[in-house]
Amino acid sequence: MTIKMVSHAFRMLFSNFSDALKLSLVPYVLIQAVPLGVPFFILGTVDTDPLAQEPVSDPSYLTVQLFVAIGSIVFGAWLAVNWHRFVLVEDYPNGFVPPFRSSEVFLYLGKLILLFLLALLFVVP
């Protein structure tokens with residue numbers, strides 16, 4: 001069963017590459033652009049050095065980074081929902097920007113939060 005699903009996904013990708021690109025390109029570009037663009041336009045810098053000697057405690061910086069993380073997760077869920085609909089239901093994109101199915105995206109995010117909380121149970125003593 002698993003091999004059939006994986007082979008079907010690869011078949012859908014390689015036999016319909018232009019459709020797969022249509023539904024993946026815009027969300028993926030947004031996932032990559034948000035961490036660079038939002039801090040630059042709001043704070044005037046993209047100072048996100050994880051190896052900095054002193055931790056950043058500026059509230060505006062932390063707020064922007066929180067919004068960046070939330071935005072990246074939402075765009076990732078948008079990409080995942082469209083990709084799963086494409087592979088499993090063979091829902092082909094109509095335009096260059098895939099539809100944002102808010103109910104399905106937020107349902108996906110809810111499941112993601114539940115999985116995070118479940119994983120947290122195994123990490124926190």
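Asn82 counts as buried, at 4% relative accessibility (buried is under 20% relative accessible area, exposed over 50%, partly exposed in between, with a 1.4 Å probe and protein chains only). This is a predicted model, where local features need pLDDT of at least 70, side-chain atom pairs count only at pLDDT 80 or more, and totals for chains, interfaces and linings use all residues. Residues are numbered from 1 along each chain as its sequence is written, and side-chain values use heavy atoms, leaving out hydrogens and water.

**Around Asn82**
- Asn82 sits in helix 3 (helices are DSSP runs of H or I with at least four residues, strands are E runs of at least two, and numbering goes from the N terminus).
- Its side chain makes a polar contact of 2.9 Å with the side chain of Arg101 (a pair of N or O atoms within 3.5 Å; within protein, one must be able to donate a hydrogen and the other to accept it, and residues adjacent in sequence count only if both atoms are side-chain atoms).
- Leaving out residues up to four places away in sequence, Asn82 touches Leu23, Pro98, Pro99 and Arg101 (contact means heavy atoms within 4.5 Å).

**Nonpolar cores**
- The largest nonpolar core has six residues: Val74, Ala77, Trp78, Val81, Val105 and Leu109 (a core is a set of buried Ala, Val, Leu, Ile, Met, Phe, Trp, Tyr and Cys residues joined through side-chain atoms within 4.5 Å).
- Helix 3 (59-88) and helix 4 (102-123) are the elements giving two or more residues to this core, and helix 3 brings the largest share, with four.
- Apart from that core there's another one of five residues, including Met12, Ala20, Phe86 and Val87.
- Val74 is in contact with Phe100, Val105 and Leu109, once neighbours within four places in sequence are set aside.

**Aromatic pairs**
- The whole structure has six aromatic pairs (Phe, Tyr and Trp rings, the six-membered one for Trp, with centres within 6.5 Å; planes under 30 degrees apart are stacked, over 60 edge-to-face, the rest tilted).
- Trp78 and Phe100 pair edge-to-face, at 5.6 Å centre to centre with 70° between the planes.
- Trp78 is in helix 3 and Phe100 in the loop between helix 3 and helix 4, so this pair ties together parts 22 residues apart in sequence.
- Trp78 is buried at 6% relative accessibility, while Phe100 is partly exposed at 38%.
- Trp83 and Phe86 form a tilted pair, with ring centres 5.6 Å apart and planes at 45°.
- Phe86 is buried at 0%, whereas Trp83 is partly exposed at 24%.
- Phe75, Trp78, Phe100 and Phe106 make up one aromatic cluster.
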